[in-house]
Amino acid sequence: MTATRQSDDVRASGTHKVSEREARQVAEAARESRWTQPSFAKELYLGRFRPDLITPHPRPEPELAVRGDAYLARLTEFLRTVDARAIERDARIPDEVVAGLARIGTFGIKIPTEYGGLGLGQVHYNRALVLIGTVNPALGALISAHQSIGVPEPVKQFGTAEQKRAYLPRCAAGAISAFLLTEPDVGSDPARLHTTATPTDDGDFVLDGVKLWSTNGVVAELLVVMARVPASEGHRGGITAFVVEADSPGITVERRNAFMGLRGLENGVTRFDGVRVPAANVLGREGQGLKIALTTLNTGRLSIPALCVGASKWSLKIAREWAGERVQWGRPVGRHAAVAHKIAFMATATYAQEAVVELAGHLADAGRTDIRIEAALAKLFASERAWQVADELVQIRGGRGYETADSLAARGERAVPVEQVLRDLRINRIFEGSSEIMHLLIAREAVDAHLAVAGDIIDPDVDLAGKARAAGRAGAFYATWLPQLLTGPGMVPTSYAEYGPLATHLRFVERSSRKLARATFYGMARWQGGLEQRQGFLGRVVDIGAELFAMAAMCVRAQMQLEDDDAATGRAAVRLANAACRRSRLTVERLFDALWTNTDDADEVLAKEVLDGEHLWAEAGIVDLSEGTGPWIADATPGPARAADVSRRMLPTTREASVPGKP
């Protein structure tokens, strides 16, 4: 098949209206359906509390810990030289900062040493992001987009030996990479992906299309691009991942986008017009692109919660210092109950986030469990909590929380960028899967066992014989599973006694895990195939599991600290975990009530009325100056560039330094 701009059949498939069923089928085909290793969170949603999967709290290998801590010390020293306020003012990370990070190995933290990387694990990578993000979150996003979802991770997991030799040393040396999936009209629904990769007669591919919100795309040297290969003779087709040189002819970065926060973010609109890519640059197999993306995100998503932990720790520090300094009505504001409640929330929320991220990171490094749900829960939990923490900090700081750091400094006060942290954090509830999408993703995994045994019963495409067989499987499964949900160690007062005052919280987790599994089963029995439309119910199921996961993580972390840290720190950790778990218990109880007592149905009816225009009167009396400024979604028709290229390089190219065949 000779390459053309875009064949008629591909153009049609890229622009036709994709049905809900088709979109779901694409998503199902991309997810990893097998469970070859146990999962603590999966078991939790099934009503089986398995502390043996997370206790004792994992610890890094001694040699790895020494190397990792030494790197973090070098990173800390370097970060103290960065002018973060200049990045915010200029909306650009200086090239010398990127060069300095490259010199100390930051672009290859998780790349194996045989390819020039530091060979560290997820735990120290997370801790590095905590440090970097507290200096400037845009800098954290640069490193995260490069190493969490950019070229290094998918090549490390799915690349051939030749691809690893060709690209990993370059990435470790500072060849910035980007991941390009999103398009102007394609977000979390990849079934509608428009960018095409048309096979050529000589075995290569030609890329055509437009990608939106490509973080690092403006400055990247290497790209991972998702494009649709049309099915043809010799080509299975489907969404496929390619490693692409960013300076290839036909690639134009048409815009550098600007945002509410992360002002130093090098995020752009990238156009591909007849870009030739060698067949050797295909990652994995044709049609495997989405599965590669989702597998990469299993650990890649941990970068977002790591950055959230850093922001929350910083916010807690500023709140403590300010609330002890600012005096109102005769005493520091932190000694007034209204502010004290906020500080207590910030402290417990910060500890909970760190416990979740540290546990997930250690589990990822140990490699003995499947952490796809744990990583997703960490992303959801931390991004929501960190935003609340930063919002409370703004409130505690009052007018100074709303004032910029430069404005504070100009009148002689400490340059504390509180309002910037709030702006920078907001994207984390959207990045790498919005909270709404994370709810759906986790809910799908949480009910996986049920769908495996009973899914055919509610599938309209399954015939009566298939439904009968499914009914038999379901009957056998539930006859064994349901009775196990009636009683457990959470009902025995002496269970988990080794955790001292935290034992009561682990008993609560065990009881609530069984209650959650029962509620999920009741929901399936009540709504059957309609359960997937009950997104309010499923969201609360996910949120309950997130709180239970956080409680378990805090308890095992505090226990580890009691054993490993000095006595005072260990006891303080137990007190903080105890306070955080008490808060989580109240949240869990409220969410259980809301499973069945809520306004979901009424809200959906009202939303339909709003969308149908029945309440336009409620919008009267305003002026919308955005009207007439352009379409809601920009045209992304493939073709020649429509604007001058704005790409740039922060470091010298590494392409010449790469010698295929040598590590």
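The following dialogue explains how to read selected features of a predicted protein model.

Visitor: Which conventions apply to this model?

Guide: This is a predicted model, in which local features need pLDDT of at least 70, side-chain atom pairs count only at pLDDT 80 or more, and totals for chains, interfaces and linings use all residues. Residues are numbered from 1 along each chain as its sequence is written, and side-chain values use heavy atoms, with hydrogens and water left out.

Visitor: How many helices and strands are in the protein?

Guide: Helices (H or I, at least four residues) and strands (E, at least two) are DSSP runs, numbered from the N terminus. The protein has 24 helices and ten strands. Its radius of gyration is 26 Å, close to the 26 Å that the globule rule gives for 663 residues, so the protein is as compact as a globular protein of that length. The radius is taken over C-alpha atoms, and the rule is 2.2 Å times the number of residues to the power 0.38. Along the principal axes, the C-alpha atoms fill a box of roughly 75 × 70 × 65 Å.

Visitor: What percentage of the residues counts as buried?

Guide: Buried means under 20% relative accessible area, exposed means over 50%, and partly exposed lies in between (1.4 Å probe, protein chains only). Of the 663 residues, 54% count as buried. Contact means heavy atoms within 4.5 Å. Among contacts between residues at least 6 apart in sequence, 77% join residues at least 24 apart.

Visitor: Which strands pair with β7, by the bridges that join them?

Guide: Two strands pair if DSSP finds at least two bridges between them. Strand β3 (residues 205–215) runs antiparallel to β7, and nine bridges join the two. Within this pairing, Asp208 stands opposite Asp273, and Gly209 has Phe272 as its bridge partner in β7. Strand β6 (residues 251–256) also pairs with β7 in the antiparallel sense, over five bridges; there Arg255 stands opposite Val269.

Visitor: Why is β7 described as largely enclosed?

Guide: Strand β7 (residues 267–277) has nine of its eleven residues buried, so it is largely enclosed by the rest of the structure. For β3, ten of the eleven residues are buried, so this strand too is largely enclosed by the rest of the structure.

Visitor: Which strand forms a hairpin with β3?

Guide: Strand β2 (residues 196–199) pairs with β3 in the antiparallel sense over four bridges, and Ala197 has Leu207 as its bridge partner in β3. The two strands form a hairpin with five residues between them, and Gly203 in the turn has a positive phi of about 95°.

Visitor: What are the pairings of β5?

Guide: Eight bridges join β5 to strand β4 (residues 222–229), and the two run antiparallel. The bridge partner of Val229 in β5 is Gly238. Strand β8 (residues 282–283) is joined to β5 by two bridges, again antiparallel, with Leu283 in β8 as the partner of Ala241. Seven of the eight residues of β5 (residues 238–245) are buried, so the strand is largely enclosed by the rest of the structure.

Visitor: Is Thr252 buried or exposed?

Guide: Thr252 lies in strand β6 and counts as buried, at 12% relative accessibility. Leaving aside neighbours within four places in sequence, Thr252 is in contact with residues including Val269, Thr270, Arg271, Ala641 and Asp645.

Visitor: Which residues of helix α6 are buried, and what covers them?

Guide: In α6 (residues 95–103), Val97, Val98, Gly100, Leu101 and Ala102 are buried. Their cover includes α4 (62–79), α8 (137–149) and α10 (161–173). Just after α6, Gly105 takes a positive phi of about 90°.

Visitor: Which residues other than glycine have a positive phi, and where is a cis peptide bond?

Guide: Most residues other than glycine have a negative phi, and most peptide bonds are trans. Leu262, in the loop between β6 and β7, has a positive phi of about 50° although it is not a glycine; at 6% relative accessibility, Leu262 counts as buried. Gln528, in the loop between α21 (503–527) and α22 (535–564), has a positive phi of about 45°. At 44% relative accessibility, Gln528 counts as partly exposed. The peptide bond from Thr55 to Pro56 is cis, with omega near -10°, and Pro56 lies in the loop between α3 (40–45) and α4.
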